Amino acid sequence: MGLTGPVKVVLGSIAFGIFWVLAVFPAVPFLPIGRTAGSLLGAMLMVIFQVISPDEAYEAIDLPILGLLFGTMVVSVFLERADMFKHLGKLLSWKSRGGKDLLFRICLISAIASALFTNDTCCVVLTEFILKIARQNNLPPQPFLLALASSANIGSAATPIGNPQNLVIAVQSGISFERFLWGILPAMIVGILMNVAILLIYFWKLLSIEKDEEVASTTGDVVVEDDVNLHRFSPATMSHITSMGSQEFGLAVDPGRTVSHRSRASSMDIDIQTPWSGGIESMRPSNASREVVEGAGISVSRDEVVTSRSVVRGTSNPRSSPIGDASVRSADEEGSIKRWKRLWWKTCVYLVTVGMLIALLSGLNMSWSAITAALALVVLDFKDASPCLEKVSYSLLIFFCGMFITVDGFNKTGIPSALWDFVEPHSRIDSAGGVALLSLVILVLSNVASNVPTGKYSSALSHKDFW
């Protein structure tokens with residue numbers, strides 16, 4: 001494809017240059033509008049400058065890529081709700097011995113997780129667990145965070161759903177999921193091992209400051225427990241239960257807390273059904289008893305507490321005990337039912353995800369396989385899907401739409417084809433020098449022009465004769 005008219009070449013280059021600057025530097029001082037708005041601005045300029053027509057702009061948007069990206073993001077949201085990443089976080093500290101072992105585990109687990117659940121989700125979720133584990137074991141977090149970032153990027157290269165640029169390459173080139181996986185997997189394994197070795201050599205002294213001891217087995221439980229309290233319960237609903245549980249525990253264990261508990265309770269009337277009178281007495285602790293307790297600095301003995309409890313439980317009212325027992329049984333049954341429903345729902349989420357991976361490996365349409373899995377999870381959830389759908393990164397989808405239009409308009413100027421015609425004779429993959437040059441060009445472009453646009457350009461290589 002030759003160059004078009006000089007006016008279109010200049011205007012198309014200006015539009016693409018604006019897109020590139022905002023994609024690489026989203027907070028540029030003279031136009032801090034961000035990547036998403038920058039991609040839309042580049043697309044709009046391509047149409048306004050008449051580099052491409054409006055119809056061509058709509059045709060440039062690759063719906064299969066957007067569908068696959070949307071489906072994988074929805075599945076990742078449900079996997080996070082099903083505690084998949086909490087289990088991965090617990091696996092990081094299970095019977096781990098010291099910082100070096102933990103570093104190796106982070107590299108391995110983050111690589112596998114990013115290949116199956118996208119690298120963005122893996123990094124966002126696992127960062128919280130890594131920081132907690134490092135803090136609980138008095139370890140520096142920097143080596144482990146670098147291990148997570150580097151291994152997630154290396155591992156995500158193994159599958160088309162690992163990162164957005166892989167989606168572009170796989171869909172536009174027509175490479176199947178299975179062929180993509182087996183073609184990249186050996187390089188991914190070698191890359192992970194080299195990454196582990198480099199990180200261990202670089203941080204060996206820092207990780208050797210602490211003696212290599214087995215990480216406490218309770219570390220994983222603490223991480224999960226903290227997360228449960230953080231995400232499932234609000235302070236407003238749990239404060240009363242927590243305070244009551246702590247006070248009751250203090251009655252039997254901590255004498256000092258018992259004094260303060262009784263001093264607070266002394267200001268309230270206590271109605272007790274006594275077995276010998278059959279009536280209700282309103283008992284108010286006297287000032288003398290309060291002075292004895294507070295002056296002595298000790299609590300009521302355990303026998304008195306047990307006796308008072310036995311008096312309350314020994315009520316002669318035939319109506320109160322059955323009702324109380326029934327309410328307790330009803331609460332236990334409801335809690336058991338909720339636990340079983342939760343377990344069944346999580347199992348369904350995992351089964352649907354495995355089914356999606358099997359469909360992808362079987363060569364079925366990747367976009368519709370991901371969308372089908374996402375909608376299956378929405379239906380199984382059996383509630384309003386708005387909270388889950390709100391977590392989808394729609395800004396990323398819009399960025400892709402603008403990028404497709406901008407890149408297609410830049411291709412129509414003929415500049416990319418002219419540059420590639422110059423490089424192609426020296427970058428054929430039938431020679432070691434050609435592979436090295438091609439790898440160097442892609443490496444430089446992915447860091448200078450961003451990896452997603454570079455992936456879109458690289459996907460066109462599958463249609464060249466040298467493949």
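Me: Which helix is the place of serine 369?
Reply: Hello! This is a predicted model, with residues numbered from 1 along each chain as its sequence is written, and its side-chain values use heavy atoms, leaving out hydrogens and water. Local features need pLDDT of at least 70 and side-chain atom pairs count only at pLDDT 80 or more, while totals for chains, interfaces and linings use all residues. Helices are DSSP runs of H or I with at least four residues, and strands are runs of E with at least two, numbered from the N terminus; the run at residues 366–381, where serine 369 sits, is helix 18.

Me: Is serine 369 buried or exposed?
Reply: The test is relative accessible area, found with a 1.4 Å probe on protein chains only: under 20% is buried, over 50% is exposed, and in between is partly exposed. Serine 369 has a value of 11%, so the class is buried.

Me: Which residues is serine 369 in contact with, leaving aside neighbours within four places in sequence?
Reply: Contact means heavy atoms within 4.5 Å. With those sequence neighbours set aside, the partners of serine 369 are Met356, Ala359, Leu360 and Leu364.

Me: How many helices and strands are in the protein chain?
Reply: The protein chain has 467 residues, and 37% of them count as buried. Its elements are 23 helices and two strands.

Me: At roughly what angle do the axes of helix 1 and helix 20 cross?
Reply: Axes are lines fitted to C-alpha atoms, for helices over the stretch in contact, and the angle between N-to-C directions runs from 0 to 180 degrees. Helix 1 covers residues 6–24, helix 20 covers residues 394–412, and their axes come within 9 Å. The crossing angle is roughly 145°.

Me: Is the crossing of helix 1 and helix 20 left-handed or right-handed?
Reply: Look at how the near helix is turned from the far one by less than a right angle: anticlockwise is left-handed, and clockwise is right-handed. For helix 1 passing helix 20, the crossing is left-handed.

Me: How many nonpolar, polar and charged residues are in the contact of helix 1 with helix 20?
Reply: Helix 1 brings Gly12, Ser13, Ala15, Phe16, Phe19 and Ala23, which meet Phe399, Met403, Thr406, Val407 and Phe410 of helix 20. Ala, Val, Leu, Ile, Met, Phe, Trp, Tyr, Cys and Pro count as nonpolar, Asp, Glu, Lys and Arg as charged, and the others, Gly among them, as polar. By class, this contact has eight nonpolar, three polar and no charged residues.

Me: Which residues does glycine 42 touch, not counting those up to four places away in sequence?
Reply: Glycine 42 belongs to helix 2, residues 34–48, and is buried with a relative accessible area of 0%. Its C-alpha is 8.6 Å from that of tryptophan 20, 22 residues away in sequence. The residues that glycine 42 touches are Ala15, Phe19 and Thr406.

Me: Near what value is phi of aspartate 83?
Reply: Most residues other than glycine have a negative phi. Aspartate 83 lies in the loop between helix 4 (63–81) and helix 5 (84–93), and is buried at 7% relative accessible area. Its phi is positive, near 65°.

Me: What is the positive phi of threonine 118, about?
Reply: Threonine 118 is in the loop between helix 6 (98–117) and helix 7 (119–136). With a relative accessible area of 13%, threonine 118 is buried. Although this residue is not a glycine, its phi is positive, at about 70°.

Me: How far apart in space are alanine 197 and phenylalanine 104, C-alpha to C-alpha?
Reply: Alanine 197 is found in helix 10, residues 177–202, and is partly exposed at 35% relative accessible area. Along the sequence, alanine 197 and phenylalanine 104 are 93 residues apart. In space, their C-alpha atoms are separated by 9.1 Å.
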